[in-house]
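Welcome, and thanks for taking a look. Please keep the viewer open while you read.

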Amino acid sequence: MTLKQDASAPQILIYHSHSQEAFIDSREGKVEDTIVGVGAYLKSILEEKYGYHVVHVKEEFDIAGGVEDRSKAYDYARDYLEPFLEENPSIEVIIDLHRDGVSEERHLVTEINGKPTAQIMFFNGVSRTASQGDVSYLPNPYIEDNLAFSFQLEYQSALYYPDFYRGIYLAGLRYNLHLRPKSILLEAGAQTNTVQEVKNAMEPFADILDRVLKGK
């Protein structure tokens, strides 16, 4: 799971299948208050504090004809990312950054370093369902690698930020995790969190990611 650090070429890709996801106090029309703004903050931490070369894709894969439409967001994202990754083979880590959707009474927050911090969850698609078995039309040769990556991140979180992570959620489809062995779908907070709580979460997440990639 380690990554030889080399800031001369892109190493980490952040994107958002659902770019329109926002938070309880997001200002309408302000991209910095959406999950895309959270991704921009994560990029800045990984580059400025940890020295990685990060690419942040801000395309709106969940917009069709000017209207929000998630039905083909993962297809649109895949169509964009496959040629992009061919052009940038140095990219080894892919993060599809989301926020979760929970009941309005639920607030996914803890305190880290004196800051209110949204909790995170790792979401893994395993191309297999309990009722149908393998989903053959969604092959992923990296299922075990994806899971190992999530487990390593969870382990580092358990060591240093035990109240930070909510666990690993297993889903039956693929969610474009087949694009690289070190691919994750990260759920950071939910619609009931504030923008700042979710941005605060990027600080401990960047720390645990760095620990995994450096083999600490």
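Predicted model: local features only at pLDDT ≥ 70, side-chain atom pairs only at ≥ 80, totals over all residues.

**Aromatic pairs**

Let us start with the rings. The structure contains seven aromatic pairs. One of them joins tyrosine 15 and phenylalanine 61 in an edge-to-face arrangement, with 6.4 Å from centre to centre and 80° between the planes. Tyrosine 15 belongs to strand S1 (residues 12–15), while phenylalanine 61 sits in the loop between strand S2 (54–56) and strand S3 (63–64), so this pair ties together parts that are 46 residues apart in sequence. Tyrosine 15 is buried, at 1% relative accessibility, and phenylalanine 61 is buried too, with a relative accessible area of 5%.

Another pair brings together phenylalanine 123 and tyrosine 169; their ring centres are 5.2 Å apart and their planes meet at 20°, so the pair counts as stacked. Here phenylalanine 123 comes from strand S8 (residues 120–125) and tyrosine 169 from strand S11 (residues 165–171), so the pair ties together parts 46 residues apart in sequence. Phenylalanine 123 is buried at 12% relative accessibility, whereas tyrosine 169 is partly exposed at 45%.

Here are the two pairs side by side:

| Pair | Centre to centre | Angle between planes | Arrangement |
|---|---|---|---|
| Tyrosine 15 and phenylalanine 61 | 6.4 Å | 80° | edge-to-face |
| Phenylalanine 123 and tyrosine 169 | 5.2 Å | 20° | stacked |

Ring pairs also link Tyr15 and Phe61 with Tyr80 and Phe84 into a cluster.

**A charge over a ring**

If you enjoy looking for charges over rings, turn to tyrosine 160: arginine 211 lies over the face of its ring, at 3.8 Å from the ring centre.

Strand S6 (residues 109–112) shows two faces: Thr110 and Ile112 make up the covered one, and Val109 and Glu111 the uncovered one. S6 pairs with strand S7 (residues 115–118) in the antiparallel sense, over four bridges. Which residue of S7 is the bridge partner of isoleucine 112? That partner is lysine 115. Together S6 and S7 form a hairpin with two residues between them, and asparagine 113 in the turn has a positive phi of about 55°.

**Asparagine 88**

Finally, have a look at the loop between helix H2 (73–87) and strand S5 (93–100), where asparagine 88 is found. Is asparagine 88 buried or exposed? Asparagine 88 has a relative accessible area of 17%, so it counts as buried. Leaving aside residues up to four places away in sequence, asparagine 88 touches Pro10 and Arg180.

Note on methods:
Residues numbered from 1 in each chain as written. Heavy atoms only, no water. Buried < 20%, exposed > 50% of the residue type's maximum accessible area, 1.4 Å probe, protein only. Contact = heavy atoms within 4.5 Å. Pairing = 2+ DSSP bridges. Phe/Tyr/Trp six-rings, centres within 6.5 Å; stacked < 30°, edge-to-face > 60°. Lys NZ or Arg CZ within 6 Å of the ring centre and 35° of its normal.
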